[in-house]
Amino acid sequence: MKGCSVFENEDMIRVTGDTLRPGGVFLTDRAIKLCEFEDENKILDVGCGMGATVERLKSLYNLDSFGVDPSIKLLELGEKKYGNHNIDFGCGEKLPHKNGFFKGVMAECTMSLMDDFEKTIMESHRVLQDKGYFIISDVYARRPEYLEEVQKHDINSCMRGLFNIDVLKDAIVSSGFEIICIEDWTDLLRQLMVEIIFKYGSMATFWKIATCSSCGDFQQKLTLCKPGYFLLIARKK
């Protein structure tokens, strides 16, 4: 994954909670209901962080939940809070699981942090059963023509990895999935930004605190992209 120090930062955790994403568990719950998983189906959370989703899938939905994350710090924090679940150290580009092991793979605000999101898609396809579900919630640029300017920065955040949604959809379909649902939930991202601005005064101030570095004109370039937030569900053919 791309440097993800923002998500290891205590300020980020205070703003977003343990899920480290806009809307908390709202889209998690929505996706689980849309996919109609059965009891004890095996589900993988890619980039699980502290394991909040892994715990929720197990305790609330009776799913056999697993996780993988490259941050030792977050995994250690999660183990202290949620106990020792089926969570491994690793990354989305090389999942430590057998072919066809899962009924569902989730990537919640983590695909945009991957070094190679296309490889992560292919790995997710590999570990899914036939007709298994691939669930992505993440950020995208509603004006993708400005993406190149944002990606020049070295801010360690998913916002630097904003997707061109059409490019992402093409990569998913070409990897052997059919897209069955895509929804816009930009309001959840706006709500989070409002909370950050209320607490820190501005997004630029927050980036400086959360990344321990100057963000330069990052926020200005980011605004040009008009960040959005989406939920996408695809099914393995």
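Here come some exercises, each with a worked solution.

Before you start: this is a predicted model, so local features need pLDDT of at least 70 and side-chain atom pairs count only at pLDDT 80 or more, while totals for chains, interfaces and linings use all residues. Residues are numbered from 1 along each chain as its sequence is written, and side-chain values use heavy atoms, with hydrogens and water left out.

**Exercise 1. The overview**

Find out how many helices and strands the chain has, and what percentage of its residues count as buried.

Solution. Start with the secondary structure: the chain has 10 helices and 7 strands. Helices (H or I, at least four residues) and strands (E, at least two) are DSSP runs, numbered from the N terminus. Next comes burial: 54% of the 237 residues count as buried. Buried means under 20% relative accessible area, exposed means over 50%, and partly exposed is in between (1.4 Å probe, protein chains only). Last, look at contacts, meaning heavy atoms within 4.5 Å. Among those between residues at least 6 apart in sequence, 75% join residues at least 24 apart.

**Exercise 2. Helices with a buried face**

Sort the residues of α7 into buried and exposed, then do likewise for α4.

Solution. Take α7 to begin with: I165, L168, A171 and I172 are buried. Looking down the axis of α7, you find these buried residues within an arc of 125°, so they line one face of the helix. The arc is that of the directions from the helix axis to the C-beta atoms. The buried residues of α7 pack against α5, β5 (128-141), β6 (177-184) and β7 (227-236). D170 and S174 are exposed, on the face turned away from the buried side.

Now for α4 (residues 72-82): L74, L75 and G78 are buried. Down the axis of α4, its buried residues fall within an arc of 100°, so they too line one face of the helix. On the other side of α4, I72 and K80 are exposed. Just after α4, G83 takes a positive phi of about 90°.

**Exercise 3. Residues in loops**

Find which residues M159 touches and which ones K226 contacts, leaving out neighbours up to four places away in sequence.

Solution. M159 sits in the loop between α6 (147-151) and α7. M159 is buried, at 5% relative accessible area. The residues it touches are V139, V150, L189, M193, W207, F218, L222 and P227.

K226 belongs to the loop between α10 (218-225) and β7. K226 is partly exposed, with a relative accessible area of 37%. The contacts of K226 are Y140, A141, R142 and R143. K226 and A141 are 85 residues apart along the chain, yet 5.8 Å separates their C-alpha atoms.

**Exercise 4. Positive phi**

Say where E36 and E40 lie, and whether they are buried or exposed.

Solution. Keep one rule in mind: most residues other than glycine have a negative phi. Phi of E36 is near 55°, and phi of E40 is near 65°. E36 lies in the loop between α2 (26-35) and β1 (42-46), and E40 is in the loop between α2 and β1 as well. E36 is exposed at 66% relative accessibility, and E40 is exposed at 57%.
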